[in-house]
Structures are given as C-alpha cells and as structure tokens.
Amino acid sequence: MAQQPYIVGNWKMNGSRAMLAEARAIDRGAHRVTTVQVALAPPFPLIALLAEEASAIGVGGQDCHTAIKGAHTGDVSAAMLADIGAGFVIVGHSERRRDHDETDALVREKAQAALAAGIGVIVCVGETLAERDGGHAETVVGRQVTGSLPLGDAAIEAALHGNLSIAYEPVWAIGTGRVAAVADVIAMHAAIGARVTDLLGEAGSKVRILYGGSVNGDNAAELLAAPGVTGALVGGASLAAETFLAIVGAAIKANS
Ligand code: PEP
C-alpha cells in the first residue's frame with residue numbers, strides 16, 4: 001500500500017499562545033483530510049497546550065536529549081515529550097547540527113531515545129551549498145543517513161508502523177526561498193531510500209522521505225508529485241494556517 005504523505009510544520013523558535021490560533025486553524029483544516037498525515041512541531045512551551053487541543057494533527061518536538069532524565073539543565077527528554085502528548089520528535093535538524101555541534105552519532109542516540117520512549121522520529125539530513133557545489137552532496141547525505149538513522153529492532157518496528165521518517169533538507173534551501181531542482185530531489189531521495197534499505201532491510205521501504213527547504217503553496221505540488229517524495233518538512237510556510245494548508249492541499253492532490 002502506498003504511504004500516506006506526511007506534511008510536518010516546524011515552527012522552530014517561533015510562536016506564542018496567541019499564535020496557537022494558527023495551529024487551531026490548521027487542526028480544523030486537517031479534520032477534513034483523510035489521505036495525508038499532518039503534524040506540527042511547535043517550540044517546547046507550546047507542545048502540551050497544542051497537544052491537549054489538537055485532534056486531527058500530530059504534535060511533536062523539535063529536539064530531545066539522549067537520556068531519559070537527569071542533570072541536563074535546559075534539556076528535555078523524549079520521555080517528557082511523550083508524557084505531555086507529543087507523538088514524534090525531529091532530530092538532527094541542520095540548525096541544531098550547526099548551533100549545537102550535533103554529530104551524526106548524537107543524532108542517532110537521540111533518535112534511539114525517542115523510539116525507546118515510544119514516539120516517532122524524523123531524522124534530518126542535508127548538504128551545505130559548498131558540499132553540493134563540490135559534487136559531494138550524495139556522499140555527505142549518505143554518510144549522515146548511515147550515521148544518524150536509528151538501527152535495530154526498534155527502528156525496524158518504527159519503520160513498519162510509519163513512525164520513522166527522514167527529512168532531506170539541503171541546508172542552502174532552508175529559509176532562503178531557494179528550492180532544490182526536482183531532478184536533484186528525486187535523485188537524492190532515491191539514494192537515501194537505497195541506503196535506508198541497506199540499513200534496515202525490507203522495513204526500510206516504509207521509511208517516509210520528506211523534502212524540506214523553502215516549500216510553499218506554489219512549489220509543493222511539483223515537489224510532492226516527484227517519485228520518492230513522501231512528504232514535506234515545512235518551516236516558514238507552516239507559521240500561518242493559510243500557507244500551510246495550501247501545502248496540505250497540494251499533498252492531497254499529489255496523492256489522489
Ligand atoms: C526547516 O527548517 O525545516 C525548513 C524546511 O524551513 P523553511 O521551510 O523555512 O525553508
């Protein structure tokens with residue numbers, strides 16, 4: 001059976017109680033949607049508030065610690081996310097790799113911690129512009145997938161249940177308005193898919209591979225119709241219901 005497209009909004013460090021009005025509108029819009037899975041990852045302080053209200057969308061975190069609890073001031077564990085109603089967490093976003101020096105090994109540990117806590121995971125990978133221009137994009141992303149993806153029975157189980165996804169986000173396309181060429185996206189998603197199957201076997205084919213990087217209502221249809229693109233991770237355009245629901249609408253069309 002074909003996988004349902006997964007459209008996930010990453011609010012990053014944006015949002016407020018007042019902005020939950022947009023999230024509510026997204027939730028209302030998603031009520032009519034049966035063929036696309038919709039989710040939002042607001043900043044930590046809003047997760048519980050949104051999770052308590054939302055009924056049609058998934059709610060998740062943007063990061064978690066590798067440990068369940070302990071002396072890690074300022075950090076939040078996957079178990080805590082699960083406890084307040086989060087259903088998934090994004091790990092290894094390029095902004096965390098950049099701002100917090102996160103390595104592939106750390107990202108994998110976070111992903112394993114999330115699976116152990118019983119929540120889904122979206123593992124982010126993507127090359128810089130210098131790496132793409134140097135002709136190393138597939139090598140870099142392949143290395144990130146091999147180093148960051150959770151492995152073992154928990155990962156296979158999560159993959160089989162649609163709880164393990166990868167977001168391919170070229171760093172140079174995030175928040176810049178520049179979108180990767182569709183042919184490059186198709187090639188990269190195929191390479192990632194092959195790598196995931198090497199790592200997880202058959203179950204690897206159930207891992208959804210989202211594209212991320214300046215996705216909006218105008219370019220979503222073409223990206224989401226591309227072979228191997230099973231969803232989108234959306235930053236800026238997820239902050240307003242109108243622009244985010246336009247992307248959800250494009251996913252519905254691409255999947256019909
Ligand atoms: C992101 O940061 O995950 C992202 C894709 O951002 P934007 O859509 O704003 O490029």
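**Exercise 1. Sort the lining of the largest pocket by residue class, then say where that lining comes from**.

*Solution.* Step 1: by class, the lining splits into four nonpolar, four polar and five charged residues. Here Ala, Val, Leu, Ile, Met, Phe, Trp, Tyr, Cys and Pro count as nonpolar, Asp, Glu, Lys and Arg as charged, and the others, Gly among them, as polar.

Step 1: 13 residues line the pocket, and Lys12, Met13, Gln62, Arg96 and His100 lie nearest its centre. (On a 1 Å grid over the protein atoms alone, a pocket is an open set of points where a 1.4 Å probe fits, with protein on both sides within 12 Å along at least five of seven lines; lining residues have an atom within 4 Å of a point.)

Step 2: helix H4 (residues 94–99) gives the largest share of the lining, three residues. Helices (H or I, at least four residues) and strands (E, at least two) are DSSP runs, numbered from the N terminus.

Before you go on: this is a predicted model, where local features need pLDDT of at least 70, side-chain atom pairs count only at pLDDT 80 or more, and totals for chains, interfaces and linings use all residues. Residues are numbered from 1 along each chain as its sequence is written, and side-chain values use heavy atoms, with hydrogens and water left out.

**Exercise 2. Find the salt-bridge partner of lysine 12 and say which parts the pair ties together**.

*Solution.* Step 1: a salt bridge is a side-chain nitrogen of Lys or Arg within 4 Å of a carboxyl oxygen of Asp or Glu. The partner is glutamate 95, at 2.8 Å, N to O.

Step 1: glutamate 95 sits in helix H4 and lysine 12 in the loop between strand E1 (6–10) and helix H1 (20–30), so the pair links parts that are 83 residues apart in sequence.

**Exercise 3. Are lysine 110 and glutamate 102 buried or exposed?**

*Solution.* Step 1: buried means under 20% relative accessible area, exposed over 50%, and partly exposed in between (1.4 Å probe, protein chains only).

Step 1: lysine 110 has 5%, so lysine 110 is buried; glutamate 102 has 6%, so glutamate 102 is buried too.

**Exercise 4. Which strands pair with E5?**

*Solution.* Step 1: two strands pair if DSSP finds at least two bridges between them.

Step 1: strand E4 (residues 88–91) pairs with E5 in the parallel sense over four bridges, and five bridges join E5 to the parallel strand E6 (residues 164–168).
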